[in-house]
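Subject: Two-chain model, handover and notes

Dear colleague,

Here is the structure you will be working with. My notes follow below it.

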Amino acid sequence: MSLIVKRITRITVSLIFLFGVYIVMHGHLTPGGGFAGGVIIALSFIHLVLAFGKEEALKRLKESTVSIVESIGGLMFLGIALLGLFGGYFFLNILAKGKPFHLFSSGIIILCNIAIFLKVGAGLFAIFIALAVFRMPVSDNEEAGSNPKGIGPEDTFKRGPKK
Amino acid sequence: MSLYVLCFILFAIGIYCLLVKKNLVKKVVGLGIAEYAINLFFILLGYRPGAEAPILDPNRVITDFVDPLPQALILTSIVIGLGVTALMVAIVVRLYEKYKTFDIDEIRRLRG
C-alpha cells in the first residue's frame with residue numbers, strides 16, 4: 001500500500017484497538033459486549049494485514065497464537081459456567097455483584113464478555129488469514145488425475161469416477 | 001406496512017440474484033442481501049414510533065422502549081450469517097483455485 005495508507009494505519013490501529021477494549025469492558029453497561037468488541041479488535045488486525053501485508057501482521061500475532069487464544073476463550077467461557085456449580089447450579093453468578101451502573105459490577109458477566117471477546121476476535125482474524133493469506137497446495141492425486149494427457153475436465157465422466 | 005413490503009422486495013432481489021446470476025461471488029452477495037432483508041424485517045417488527053432503545057439509564061426512567069427480543073434474536077442471526085458467509089467464501093476460493101473461473105457454467109465436472 002501507499003505511504004499515506006501506512007502512516008494513517010500506524011496512527012489509527014491503536015485507537016481502533018482501544019475502542020474495541022472499551023466496548024468489551026462496558027458490555028454490561030452500554031450497547032456492545034464481547035461479540036461487537038471482538039469484531040472491532042479483529043478488524044484492527046485485519047487493517048494491519050491490508051496496509052502492511054501479511055508478514056508485518058503475522059509478526060505481531062502468529063497464527064498458532066491466534067489458535068491458542070481462540071481455544072482459551074472457549075475454555076474460559078466453559079470454566080466460568082462450571083464455576084457456578086460451586087454455588088449451586090450451572091451459570092450461577094457467584095461473584096460479588098457490586099453497585100449497578102459501575103464498571104466493576106454484575107459479577108461474572110464482564111468475565112463472560114472477555115471470554116467471548118477472545119473467542120470472536122481470534123476466530124474472525126483466523127478466518128481472515130485463512131482466506132486471504134494461506135494457499136492450499138493442490139494435492140498430487142488431483143494434479144495427476146485432472147490432466148494426464150491433455151484430457152479436459154469434460155472427459156472425466158467417460159473415464160469413470162476417480163478413486 | 002409499506003416498510004414491510006419494501007423488506008420483502010429486498011428479499012426478492014436477494015433471491016433473484018441467488019437464482020439467476022452465474023457468478024459465484026454474486027450468488028454469495030445475493031444470499032447476503034436476502035439475509036439482511038430478513039434481519040431488517042424482524043427489527044422492524046419490534047419497532048415502535050417515538051420509542052427509545054431498551055437500555056437502563058441511572059438518571060431517568062425510560063417507560064417507552066422498542067421490543068428488545070427481536071434485537072437479541074437478530075444478533076444471533078448476524079453471527080450465524082457471518083459463519084455461513086465465511087464458509088461460502090472458502091468454498092468459492094477453493095473452486096476458483098481448482099477451475100480458475102467463477103462462472104458456474106464453466107465448472108463442468110460437477111455435472112452428471
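Is Phe101(A) buried, exposed or partly exposed, and how many other C-beta atoms lie within 10 Å? Phe101(A) has 13 other C-beta atoms within 10 Å, so it is partly exposed. The cut-offs are these: a residue with 20 or more other C-beta atoms within 10 Å of its own is buried, one with 12 or fewer is exposed, and the range in between is partly exposed, with C-beta atoms placed from the backbone.

Conventions. This is a predicted model, in which local features need pLDDT of at least 70 and side-chain atom pairs count only at pLDDT 80 or more, while totals for chains, interfaces and linings use all residues. Residues are numbered from 1 along each chain as its sequence is written, and chains are lettered from A and ligands numbered from 1 in the order in which they are written.

Chain A

Chain A has six helices and zero strands, where helices (H or I, at least four residues) and strands (E, at least two) are DSSP runs numbered from the N terminus. Its pattern along the sequence is α-α-α-α-α-α. Of its 163 residues, 21% count as buried. Taking contacts in chain A between residues at least 6 apart in sequence, 66% join residues at least 24 apart; a contact means C-beta atoms, placed from the backbone, within 7 Å.

Helix 4 of chain A covers residues 63–83, which is 21 residues. From first C-alpha to last it reaches 30 Å, close to the 30 Å expected at 1.5 Å a residue (the expected span is 1.5 Å times one less than the number of residues). Its buried residues are Val66(A), Gly73(A) and Ile80(A). Seen down the axis of helix 4 of chain A, these fall within an arc of 55°, so they line one face of the helix; the arc is that of the directions from the helix axis to the C-beta atoms. On the other side of this helix, Ser64(A), Ile68(A), Leu78(A), Gly79(A) and Leu82(A) are exposed.

What covers the buried residues of helix 4 of chain A includes helix 5 (109–132) of chain A. The axes of the two helices come within 8 Å and cross at roughly 150°. Axes here are lines fitted to C-alpha atoms, for helices over the stretch in contact, and angles run from 0 to 180 degrees between N-to-C directions. Helix 4 and helix 5 of chain A are therefore roughly antiparallel to each other (under 35 degrees is roughly parallel, over 145 roughly antiparallel, 65 to 115 roughly perpendicular, the rest oblique). Their crossing is left-handed, a term used if the near helix is turned anticlockwise from the far one by less than a right angle, with right-handed for clockwise. Residues making the contact include Val66(A), Gly73(A) and Ile80(A) of helix 4 and Ala115(A), Ala122(A) and Ile129(A) of helix 5 of chain A.

Phe101(A) lies in the loop between helix 4 and helix 5 of chain A. Its phi is near 65°, a positive value in a residue other than glycine. Most residues other than glycine have a negative phi.

Chain B

Helix 1 (2–20) and helix 2 (24–45) of chain B have a loop between them that holds Lys22(B). These two helices pack at about 160°, with axes 7 Å apart, which makes helix 1 of chain B roughly antiparallel to helix 2 of chain B. Helix 1 passes helix 2 of chain B in a left-handed crossing.

Helix 2 and helix 3 of chain B pack at an angle of about 180°, with their axes 10 Å apart. That makes these two helices of chain B roughly antiparallel as well. Val28(B), found in helix 2 of chain B, counts as partly exposed with 18 C-beta neighbours inside 10 Å. Leaving aside neighbours within four places in sequence, Val28(B) is in contact with Thr85(B), Met88(B), Val89(B) and Val92(B).

Two lysines of chain B complete these notes. Lys22(B) is exposed, with 11 other C-beta atoms within 10 Å. Not counting residues up to four places away in sequence, Lys22(B) touches Asp103(B), Ile104(B) and Asp105(B). Lys100(B), in the segment after helix 3 (68–99) of chain B, has a positive phi of about 60° although it is not a glycine. Lys100(B) is exposed, with 8 other C-beta atoms within 10 Å.

Regards
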